[in-house]
Amino acid sequence: MPNNKITAGGILSQTQSLCPVCFRLLKAQRVLKGNEIFLEKQCPEHGVFSTVIWRGEPEFTSWVRPKIPSYPQNPATDYNRGCPFDCGLCPEHRQHTCTALMEITQNCDLGCPVCFASSDKKSLPDPELKEIMGWCRAVMQASGPRNIQLSGGEPTMRKDLSAIIEMVRNQGFSFVQLNTNGIKLGQRPGYAQELRQAGLASVFLQFDGCSDKIQRKIRGADLLRIKLKAIENSVQAGLGVVLVPTLIPGINTNDLGKIMELALDLAPGIRGVHFQPVSYFGRFPHDPSDRDRLTLPEIMQGLYEQTKGLLKITDFHPPGCENALCSFSAAYVKTGSQSLTRLGGETGQCNCSQSEPEVAALGAQRSVDLVAERWSAPAQGACGCSQVQNYLSFDDFLGMARTNTFTVSAMAFQDAWNLDLERVKDCCIHVVSPDKRLIPFCLYNLTDIRGKTLYRKV
């Protein structure tokens, strides 16, 4: 239950949020308690809510960085009620679209409790190809040729997936990625090649751990063998593969090192790992406790410890595109079977008081380009073997780097308890709604404590 009063001291900064019970717009503050940061807010009807958002190093104040906003050139909605109630995008949104996510079905062959989507037997009919084409045109008009992720539900449930991919490519989008559980890619020979020929570039593969015990706990089935086969088939077809673990405290947070070891064994076919700490959507009888939370610094620390220092906390840096509190990433060159050399750039230990503000528009374009480059398949003939260590010159190294890059990243999505409207306004991952609006991902999937949605219709 919520507390009776909000913390009096240790306030670092102010923002806005929503009440998890009634979606009332509330003032919120980021509060320091020891080495932890909490988002605290008070609803006049439902009391105080306090949720941990940052634990440990790097230091919170060193991670946050200033940014020069880039507002939508063609906003689809007016600013009337204010954020978060006018999404479309509205004129006050502070970042362009980097990735537009299109839910092409709500059907699924799994029933995962941690799914963002409303995948069930009562879901709406699949959108027709003509409707999806309209979504493409809306994205192009609003943001230009951004990266497209086809999602669901499970998009491989659609028999016309190849036609959808081909149509999206023909609309001017050069990077198309498939968000999938991998079952059909692993079970059906030739399917990955069919999607590749249609124009698919990358597979965003749900991969929660290296044991069937973890797969069964999170996804309800023994899926490890079929996911490994999905990776093999996708790589052989010339698709880049990104492993996407949903991290749940007490279930798979001790598997970070094993996931990394597997990914590096299978690189450069596997282009990287993108961790997603669990967010709480749907019906909940009470607030998720702080023990149920996993923050970005804890993932960085876990990666450092479980890879025995191969990945260092100082390797990771804040995003140049979305809000600094949303994600981290690091880019490497694979220089041996289990060896990485970090590519240049800033470290996570930034001192923002000495940093020039970033231009959001430049960060967005850089993100679009780097995702398309690093998550697509490597050039033909590339390998991840130790021969990369034997490069003779810096030019040779750069040549190897183009095909042996490996990225490690994490994205902390928000729910009704930790929703921060500063982060929402800076969001660059937008879901295309059925009525062609672009909705920040976290808002589109947001639910109150009873499971009521803010934007999603089902």
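Predicted model: local features only at pLDDT ≥ 70, side-chain atom pairs only at ≥ 80, totals over all residues.

Biologist: What distance separates the end C-alpha atoms of α2?
Modeller: They are 21 Å apart. Helix α2 covers residues 129–143. Helices are DSSP runs (H or I, at least four residues), strands too (E, at least two), numbered from the N terminus. The expected span is 1.5 Å times one less than the number of residues. For the 15 residues of α2 that gives 21 Å, so the two agree.

Biologist: Which residues of α2 are buried?
Modeller: Among them are Ile-132, Trp-135 and Val-139. Buried means under 20% relative accessible area, exposed over 50%, partly exposed in between (1.4 Å probe, protein chains only).

Biologist: And what covers them?
Modeller: The cover includes β7 (147–151) and α3 (161–170).

Biologist: New topic. Where are the cis peptide bonds?
Modeller: One joins Cys-83 and Pro-84, with omega about 15 degrees. Another runs from Gly-88 to Leu-89, with omega near 10 degrees. Most peptide bonds are trans.

Biologist: What is the phi of Phe-23?
Modeller: Positive, about 60 degrees, although Phe-23 is not a glycine.

Biologist: Is Phe-23 buried or exposed?
Modeller: Phe-23 counts as buried, at 9% relative accessibility.

Biologist: And what about Lys-436?
Modeller: Lys-436 also has a positive phi, about 80 degrees. Lys-436 is partly exposed, at 47%.

Conventions
Residues numbered from 1 in each chain as written. Heavy atoms only, no water. Contact = heavy atoms within 4.5 Å.
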